[in-house]
Amino acid sequence: MSYRDEVWGRDGNTRWGNLLDASFDHLRKVSPGCKVDDSSFDVDKNGLYLFGDPAWKSYELKFGVQIVEGANAQIRLRLSESLKRWYTVDFLFGWQALGIARVDHEPNGKGHQKLSVVNLEMVRLREYKVEIAVRDLSITTYVDGKLINQATDETLTSGPMGFCAWEAVARFRQPQFRVLG
């Protein structure tokens with residue numbers, strides 16, 4: 001699925017890790033509304049599968065996603081410690097589009113600001129292969145190997161990721177990550 005199996009840098013190579021691997025339990029919080037098994041997790045409108053570290057600046061994700069029912073599957077990136085600010089990659093099923101937005105629900109926050117929205121034909125229950133690169137000020141998305149979105153924003157500089165659904169049930173299969181130094 002990946003456009004690259006490993007990346008190289010000053011610290012050597014960085015390989016993919018499995019988000020469901022028990023050795024990463026210290027990086028994970030799973031709320032009610034999530035059903036987890038060995039290879040996937042389902043998230044309903046009340047669930048959040050939170051993963052990562054507040055210090056993470058640059059990371060990549062890859063996974064399969066299905067919209068089981070409802071409207072949107074979402075991936076939150078660089079979540080603030082208050083969990084009230086983040087970037088979201090949003091499968092906008094009703095619009096047939098993939099969007100990247102900055103969300104700020106802090107007092108006097110600016111709410112939901114779309115940074116990139118690109119048409120993407122979607123079919124319920126079909127699994128889409130997704131890769132997301134969060135590097136410095138940019139967020140780039142690929143679906144089924146094709147570049148979809150690119151956005152640049154300097155508001156949020158680090159934080160973990162979260163998987164959720166808005167008025168929906170979404171299935172995330174074989175989720176993997178790697179932190180870039």
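Tutor: One term to start with: buried means under 20% relative accessible area, exposed means over 50%, and partly exposed is in between, using a 1.4 Å probe and protein chains only. This is a predicted model, where local features need pLDDT of at least 70, side-chain atom pairs count only at pLDDT 80 or more, and totals for chains, interfaces and linings use all residues. Residues are numbered from 1 along each chain as its sequence is written, and side-chain values use heavy atoms, with hydrogens and water left out.

Student: Okay, so is R78 buried or exposed?
Tutor: R78 is buried, with a relative accessible area of 2%. You'll find R78 in the loop between β8 (58-77) and β9 (85-92). Its phi is near 55 degrees, a positive value in a residue other than glycine.

Student: And what is phi for E167?
Tutor: Phi of E167 is near 50 degrees, again positive in a residue other than glycine. E167 sits in strand β15 and is partly exposed, at a relative accessible area of 46%.

Student: How many helices and strands does the protein have?
Tutor: Zero helices and 15 strands. Helices (H or I, at least four residues) and strands (E, at least two) are DSSP runs, numbered from the N terminus.

Student: What is its radius of gyration?
Tutor: The radius of gyration is 15 Å, close to the 16 Å that the globule rule gives for 181 residues, so the protein is as compact as a globular protein of that length. That radius is taken over C-alpha atoms, and the rule is 2.2 Å times the number of residues to the power 0.38. Along the principal axes, the C-alpha atoms fill a box of roughly 45 × 40 × 35 Å.

Student: What share of the residues is buried?
Tutor: Buried residues make up 49% of the 181.

Student: Switching topic: which strands does β6 join?
Tutor: Three bridges join β5 (residues 34-36) to β6, and the two run antiparallel. Five bridges join β6 to β15 (residues 161-180), also antiparallel. Two strands pair if DSSP finds at least two bridges between them.

Student: Which residues stand opposite each other there?
Tutor: K35 stands opposite D42 in β6, while S40 stands opposite R173 in β15. β5 and β6 also form a hairpin, with three residues between them.

Student: Why is β6 largely enclosed?
Tutor: Four of the five residues of β6 (residues 40-44) are buried, so the strand is largely enclosed by the rest of the structure.

Student: Now Q74. Where does it lie?
Tutor: Q74 lies in strand β8, and it is buried, with a relative accessible area of 11%. Leaving aside neighbours within four places in sequence, Q74 is in contact (heavy atoms within 4.5 Å) with several residues, including T88, G162, W166 and F172.

Student: How many residues apart in sequence are Q74 and G162?
Tutor: They are 88 residues apart in sequence and 8.2 Å apart in space, C-alpha to C-alpha. Across the protein, among contacts between residues at least 6 apart in sequence, 61% join residues at least 24 apart.

Student: Last one: what does F24 touch?
Tutor: Not counting residues up to four places away in sequence, F24 touches G17, N18, F51 and F177. F24 lies in the loop between β3 (17-18) and β4 (28-30). The C-alpha atoms of F24 and T140, 116 residues apart along the chain, are separated by 25 Å.
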